[in-house]
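Subject: Two-chain model, handover and findings

Dear colleague,

Here is the structure I said I would pass on. My notes on it follow below.

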Amino acid sequence: MKQLLTGSAIALALTASGAFAEDISACLVTKTDTNPFFVKMKEGASAQAEALGIKLNTYAGKLDGDVETQIAAVESCIAGGAKGILITPSDSRALAPVVTQAREAGVLVIALDTPFEPTDTADATFATDNFLAGELIGQWAAAKMGDTSQAKIALLDLNPSEVSVDYLRNNGFLQGFGVDIKDPKDIGDEDDARIVGNDVTNGNEEGGRTAMENLLQKDSGVNVVYTINEPAAAGAYEALKSMGLESQALIVSVDGGCPGVQNVKDGVIGATSMQFPLLMASKGIEAIKAYADTGEKPMNSEGLDFFNTGVELVTDQPVEGIPSITSEEALGKCWG
Amino acid sequence: MSDTTPAKKGQDFEHVLDKSDRSVASFETSQRNIIERLQSALHGNPTLVPVIVLAAAVAVFGLVAGGKFFSAFNLTLIMQQVSIIGILAAAQSLIILTAGIDLSVAAIMVLMAVIAGNLAVYNGVPAPIALIVAFVGGTVAGLINGFLVTKVKLPPFISTLGTWSIFFALNLWLSGAQSIRSQDIDANAPLLKFFGQTIEMGGARITYGSILMVLVFAVLWYMLNKTAWGRHVYAVGDDKEAAELAGIRTDRTLLSVYALSGFVCAIAAWASIGRVGSISPQAFYEGNLQSITAVVIGGISLFGGRGSILGALFGALIVGVFQSGLRLAGVDVLWQVFAIGWLIIIAVAIDQWIRKASA
């Protein structure tokens, strides 16, 4: 609401001063208004929009998976004559029709963070390379261990739906660690004997703890733990600690939220792949500005079907050959 | 009553009724009665079903999943894993016994955990005071539900559907959707994690949280079965108007039930910090439904006034045993969810069948 008000205030100010930029407006539609990841995204978009003189309206679903609110938001944006829409789709498929409608109306649509299925539903996608994010922590864990033949791997995933971010990170990690991943879109089809098992966490501490306990039940010798995000990693650590096993296992994760980076600093998480929500949004606003000025649409990164906004490995135990930053440096870049 | 009305004279077709089985009202002692006797035994003691199911499930999974399942370590782990949902199920049972339902139990719990954590970890409030604030807060949250039900006369489902969203939103606002880290709690307010401590005996690892769950059930069982207040709760749940005519101040009873339920949610909040380690605003989002699942599997009637609160404890344990057993047998997560779904349906079907015993 505050964002909306500032947006309108800026627009009013611009109209009053007779600036030409008044007719460029853009929309940001996020999954929720509360997750720090999206809060950071909104910050990035608002700051860049203000700098470029674009009027920005922001919308958000009530919770992750709230497709209806997002559809209504896109419809409002079309009706409001927005030049471009930045959206993190709550459902990669369900929003396709309304996005197509927007593009037919001449609106530039950019998916942030979560790609559509198929990816070319939107004009462009600005996202983290989640497979690479997983690969980096996999390589780090393997290098840290040295001899990986005795590895016992626990995989703590998101939920039973196996959404893209879930299988990309999970399989990226396994590939980086040196496991044959079989179908890159399937979780749990691997037959490597070093894998103790997969379990789901819902991406929070409680789920992380329970899932870790379950896998320790299968094999108490687990020494490598992959986690979908940092809250799940914190939960996994609690489970290990409660059994006095916290020093036997390397925990790796993905996200780069500030509490997660702090946990790297405290030695709870060995390494995490940091992503950059603020950059996704600010790049997105720049792309809308360029499209409004020249009609040019953004290009994908080479070899990928999206524009890669970058991943950085955060660890205080760097290994040879894998570039990384320390938790101290990362605390200055983290989100949330 | 209507089926015992004598047939009118001159209506030939009803004469065949003379040849029909008239043993309905007699106390038969033939072989068929085993099932009927079971039915009435179960009717007299509704906790028997969950106890039997629990024992059978433990035995079956012990055979299928082997020694790993049947170890002291695993059995106490199950206790640990169900302890939070178990305590929430105790709060839920109180409401369901009055023929209500509370969708806000988990939201109250998470909100109180966030409040206690914010105060103690970030604002330097001494941990005991932060916990007292949480207990008062939980009770007030329960009272709000009770007020909506008794004074505004909203159905419990609607009242708590609304407060569920309200409490969840407040929780996200207060926490900024960000977890409070385990290390920060250790440094500033270790008392919040009191119930995460364990007693180790051989392979068994009993957490204070598991013991707390059993204590909560024991105290509530005593209150419901051995005090006048408890009888009033059952009476209100069974038939509110009749209870009122019998001189029970039903609104006051209901208010006290909702307040107590909120208080129990705050107990769950304290226990959950110990269990999870950190304070996560996103955890237990489906805790309300999981608590209802435990209550229903525990044989407490959703129509109110029937069932023992201990059933909910067994219900929670049954869910835990099924999940653990299926997991150790290598069954995929989605089939665990599938199995719990069947458990609910079968439990309620059995409940309906038992209810017929009194007809």
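Contact is used here in one sense: two residues are in contact if their C-beta atoms, placed from the backbone, lie within 7 Å. The model is predicted, and the notes start with its scores.

Confidence

The model has an ipTM of 0.75 and a pTM of 0.79. Chain A has an average pLDDT of 88, with 93% of the residues scoring at least 70. For chain B the mean pLDDT is 88, and 92% of its residues reach 70 or more.

Within chain A, the element with the lowest mean pLDDT is helix α1 (residues 2-17), at 45, and the one with the highest is strand β8 (residues 224-227), at 97. Over residues 1-21 of chain A, pLDDT stays under 50, and the model has 20 contacts beyond four places in sequence for this stretch. Where pLDDT is low, the predicted coordinates should not be read in detail. Within chain B, the lowest mean pLDDT belongs to helix α1 (residues 33-44), at 78, and the highest to helix α5 (residues 127-150), at 97.

Helix packing in chain B

Two packed helices are described by the angle between their axes and the distance between the axes. Helix α3 (residues 72-97) of chain B packs with helix α11 (residues 250-276) of chain B at an angle of about 175°, and the axes are 9 Å apart. α3(B) is therefore roughly antiparallel to α11(B), since the cut-off for that term is an angle over 145 degrees. On the α3(B) side the contact is made by Ser83(B), Ile84(B), Ile87(B), Leu88(B), Ala90(B), Ala91(B), Leu94(B) and Ile95(B). They meet residues of α11(B) including Val257(B), Tyr258(B), Leu260(B), Val264(B), Ile267(B), Ala271(B) and Arg275(B). By class, this contact of α3(B) with α11(B) has 15 nonpolar, three polar and one charged residues.

A second pair in chain B is helix α2 (residues 48-65) and helix α13 (residues 309-328), packed at an angle of about 15° with their axes 9 Å apart. That angle makes α2(B) roughly parallel to α13(B), and α2(B) passes α13(B) in a left-handed crossing. From α2(B), the residues in contact include Pro50(B), Val51(B), Leu54(B), Val58(B) and Phe61(B). From α13(B), they include Gly311(B), Phe314(B), Gly315(B), Ile318(B), Phe322(B) and Gly325(B). The contact of α2(B) with α13(B) has 15 nonpolar, three polar and no charged residues.

Record for chain B

In an unreviewed entry, UniProt lists as "transmembrane region" residues 47-65, 103-122, 129-148, 154-174, 206-224, 255-273, 294-321 and 333-354 of chain B. In the model, residues 47-65 of chain B are 95% helix and 0% strand, with the end C-alpha atoms 26 Å apart. Residues 333-354 of chain B are 100% helix and 0% strand, and there the end C-alpha atoms are 32 Å apart.

Chain A

Helix α5 (residues 130-145) and helix α6 (residues 164-177) of chain A pack at an angle of about 30°, with their axes 6 Å apart. α5(A) passes α6(A) in a right-handed crossing. Among the residues that meet here are Phe131(A), Leu132(A), Gly134(A), Glu135(A), Ile137(A) and Gly138(A) in α5(A), and Leu168(A), Arg169(A), Gly172(A), Phe173(A) and Gly176(A) in α6(A). By class, the contact of α5(A) with α6(A) has 12 nonpolar, nine polar and two charged residues.

The peptide bond from Glu117(A) to Pro118(A) is cis, with omega near -5°, and Pro118(A) is found in the loop between β4 (108-112) and β5 (124-127) of chain A. Asp255(A), a residue other than glycine, has a positive phi, near 150°, and lies in strand β9 (residues 250-255) of chain A.

Contact between the chains

Chain A contributes 23 residues to the contact and chain B 24 residues. On the side of chain A that touches chain B, α7 (205-218), α8 (230-242) and α9 (258-265) of chain A each supply at least two residues. The largest share of that side, seven residues, comes from α7(A). By class, the side of chain A that touches chain B divides into six nonpolar, 11 polar and six charged residues.

Regards

How values were computed. Residues numbered from 1 in each chain as written. Chains lettered and ligands numbered in written order. Predicted model: local features only at pLDDT ≥ 70, side-chain atom pairs only at ≥ 80, totals over all residues. Axes fitted to C-alpha atoms, helices over the stretch in contact; angles between N-to-C directions. Helix = DSSP H or I, 4+ residues; strand = E, 2+ residues; numbered from the N terminus. Parallel < 35°, antiparallel > 145°, perpendicular 65-115°, else oblique. Nonpolar A, V, L, I, M, F, W, Y, C, P; charged D, E, K, R; others polar. UniProt positions renumbered as here; feature names shortened; annotations may be inferred. Left-handed = near helix turned anticlockwise from the far one by under 90°. pLDDT = per-residue confidence, 0-100.
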